[in-house]
Amino acid sequence: RGWNWGKADFGKAELAFNVRNQPAFEIPYTEISNTNLAGKNEVAVEFSLPGDGDETGTNGALGGARGRGKKAGGSVDQMVEMRFYIPGTATRKEKKEEGDEDGSEADGEDDQQNAANLFYEMLMDKAEIGEVAGATFATFLDILHLTPRGRFDIDLYESSLRLRGKTYDYKIQYDSVKKFFLLPKPDDVHQLICIGLDPPLRQGQTRYPFLVMQFKREEDIVLDLNMTEEDLENKYKGKLQPRYEAPIA
């Protein structure tokens with residue numbers, strides 16, 4: 001474990017970390033798979049896990065940082081997470097909208113906020129984490145997850161689903177879903193939905209090969225899919241209904 005006090009600069013294509021005004025390392029945004037607030041003043045940055053050499057960012061034919069990292073890409077060990085400790089507060093400038101009461105165009109307002117939160121929000125924006133193309137087809141709010149533990153909102157998209165929690169935010173491709181189980185609990189009150197993932201969901205050094213959600217058996221839900229009749233007919237050919245009124249699990 002290495003400790004360095006320095007300054008992080010958000011560039012156009014990478015995050016640069018400088019120590020004593022000298023560049024220490026750079027992280028291309030394309031190599032960042034997720035980021036989370038690990039504490040009040042701590043931000044965890046997770047890196048993409050490769051499927052093969054072409055996906056590691058170390059393929060020399062692709063140029064740039066990929067070529068420079070080619071030697072390291074052949075090693076057994078790979079860095080999968082880095083944490084930044086960011087104390088204090090920071091200032092974000094927000095532009096005023098035209099037509100304010102004073103009638104003047106805005107020079108900007110200073111907004112003081114937690115420095116770690118600001119770093120997290122900027123990294124989410126720069127690395128485009130959590131952004132999913134297309135409209136949300138359906139949303140389930142405040143779903144209890146036993147693994148990983150917590151409550152998440154679930155957004156369903158055309159090719160992926162997104163888990164949105166208070167601390168963690170995940171995007172899961174449907175191609176990663178390999179198994180699906182509906183299991184009754186012995187209490188005769190709850191049902192469990194278990195989803196097998198490959199590659200598994202990762203939270204720090206912990207991997208979760210299964211998502212486990214808990215629902216009440218007799219809890220009904222009314223859900224209207226955010227899809228046109230044309231999409232339902234052409235893309236899914238009767239596999240989906242435009243409206244559901246049934247138990248949630």
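The paragraphs below go through the sheets, a surface patch and the salt bridges of this predicted model. Local features need pLDDT of at least 70 and side-chain atom pairs count only at pLDDT 80 or more, while totals for chains, interfaces and linings use all residues. Residues are numbered from 1 along each chain as its sequence is written, and side-chain values use heavy atoms, with hydrogens and water left out.

An open sheet of three strands has the order β1-β2-β3, with antiparallel pairing. Strands, like helices, are DSSP runs numbered from the N terminus (E, at least two residues, for strands; H or I, at least four, for helices), and two strands pair if DSSP finds at least two bridges between them. The edge strands, β1 (7–10) and β3 (22–28), each pair on one side only. β1 and β2 (residues 14–19) are joined by four bridges in the antiparallel sense; F10 has L15 in β2 as its bridge partner. Helix α3 (residues 115–126) lies across β1 and β2 and runs at about 35° to β1. That angle, on a scale from 0 to 180 degrees, is taken between the N-to-C directions of lines fitted to C-alpha atoms, for helices over the stretch in contact (heavy atoms within 4.5 Å).

Buried means under 20% relative accessible area, exposed over 50%, and partly exposed in between (1.4 Å probe, protein chains only).

Side chains of opposite charge can pair when their charged atoms come close. With a salt bridge defined as a side-chain nitrogen of Lys or Arg within 4 Å of a carboxyl oxygen of Asp or Glu, the count comes to eight. One of them joins E42 and R83, with the closest N and O atoms 3.6 Å apart. E42 lies in β5 (residues 42–47) and R83 in β6 (residues 81–85), so the pair ties together parts 41 residues apart in sequence. E42, E81 and R83 are linked in a network of salt bridges. In another salt bridge, D155 and R164 have their closest N and O atoms 2.5 Å apart; D155 is buried at 5%, whereas R164 is partly exposed at 27%.
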